[in-house]
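Welcome! Here is a short briefing on charged pairs and a nonpolar patch, to read alongside the structure below.

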Amino acid sequence: MKRWWIVLGMVAMIGIFVVMIPARAYSMILENYGTHLLATKGTIWYGSGNVTVAGKTVGRLKWRIRPIEIFTGKLAFNVTMQNQSIHLAGVLKRRISSTEFQGTTALSHSHVNRVLLPYEIRVEGEFEINDLSVKINDKRQLEVLSGSISWEGGTCRYRADDETRIFEMPAVVGKLTHTDGFAVLNAHDQEKDIPLITTRFQPDSGLFETALTQHMLDLSQMHLSSSADLSAVVLEVSRELY
């Protein structure tokens, strides 16, 4: 009987120790992905912290552990992150050699415009990503990407020939996929179901590629001589984001 009391005492001590591990312990995991968790509060079971990437704060991350999944060999958390331009909610799972996220995300146009800035393009409105699934291994390599993206459309601006051109875009829907190390987005006109744009991003190299269809050029009033079908790709550009 005394032996059982000793075992129970040891289990209780281990449980108390784990519960009291501070939230900043997660910083060591995130740093493998070039991300930092600052100003943490709480414990590894329930807490929050500011997520920063490249020295910029992305948002305040809040988490609550899903204890039953510990018995399946992984740490899993219900997570949310929100600021004035991003809202994220879903389940974050940490395995021995990879990290996964499944959930939804809403991005304001400010995040999208940061990517479009080198092309002197600006858009308005909010972008929603549903059924998002992402898996990254400890070598920072993207292994899984899927989801659907939608944008209600709106006013867009871009610079060409030293003048600013303004046009209206229809509602856009698209699919996120992962092919040959690239994160790929295929987007099309929701009403007419005609392809608009394909983007490819390679996280390892920072290479960002964009292919525009004739329909996209017509909508943007970019007058290039072409007799191509509306769904045909007529313009391709690429650049290294970093």
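A residue is called buried when its relative accessible area is under 20%, exposed when it is over 50%, and partly exposed in between. Please keep in mind that this is a predicted model. With a salt bridge taken as a side-chain nitrogen of Lys or Arg within 4 Å of a carboxyl oxygen of Asp or Glu, the count comes to five.

**Salt bridge E100 and R95**
- The closest N and O atoms of E100 and R95 are 2.5 Å apart, and the two residues form a salt bridge.
- E100 has a relative accessibility of 14%, so it counts as buried.
- R95, at 32%, counts as partly exposed.

**Salt bridge R157 and E124**
- R157 pairs with E124 in a salt bridge, with 3.0 Å between the closest N and O atoms.
- R157 belongs to strand β10 (residues 154–160), while E124 sits in the loop between β7 (121–123) and β8 (126–137), so this pair ties together parts that are 33 residues apart in sequence.
- R157 is partly exposed at 30% relative accessible area, and E124 is partly exposed at 35%.

**Salt bridge E209 and R200**
- E209 and R200 meet through their side chains in a salt bridge, at 2.9 Å from N to O.
- E209 counts as partly exposed, with 24% relative accessibility, and R200 is partly exposed too, with 27%.

**Nonpolar surface patch**
- I68, I70, F71 and L75 make a nonpolar surface patch of about 450 Å².
- F71 counts as exposed because its relative accessibility is 75%.

Conventions. Residues numbered from 1 in each chain as written. Predicted model: local features only at pLDDT ≥ 70, side-chain atom pairs only at ≥ 80, totals over all residues. Heavy atoms only, no water. Patch = residues over 30% accessible without salt bridge, like charges linked within 9 Å, V, L, I, M, F, W, Y side chains within 5 Å. Areas by Shrake-Rupley, 256 points an atom, 1.4 Å probe, with all protein chains shown as cover. Buried < 20%, exposed > 50% of the residue type's maximum accessible area, 1.4 Å probe, protein only. Helix = DSSP H or I, 4+ residues; strand = E, 2+ residues; numbered from the N terminus.
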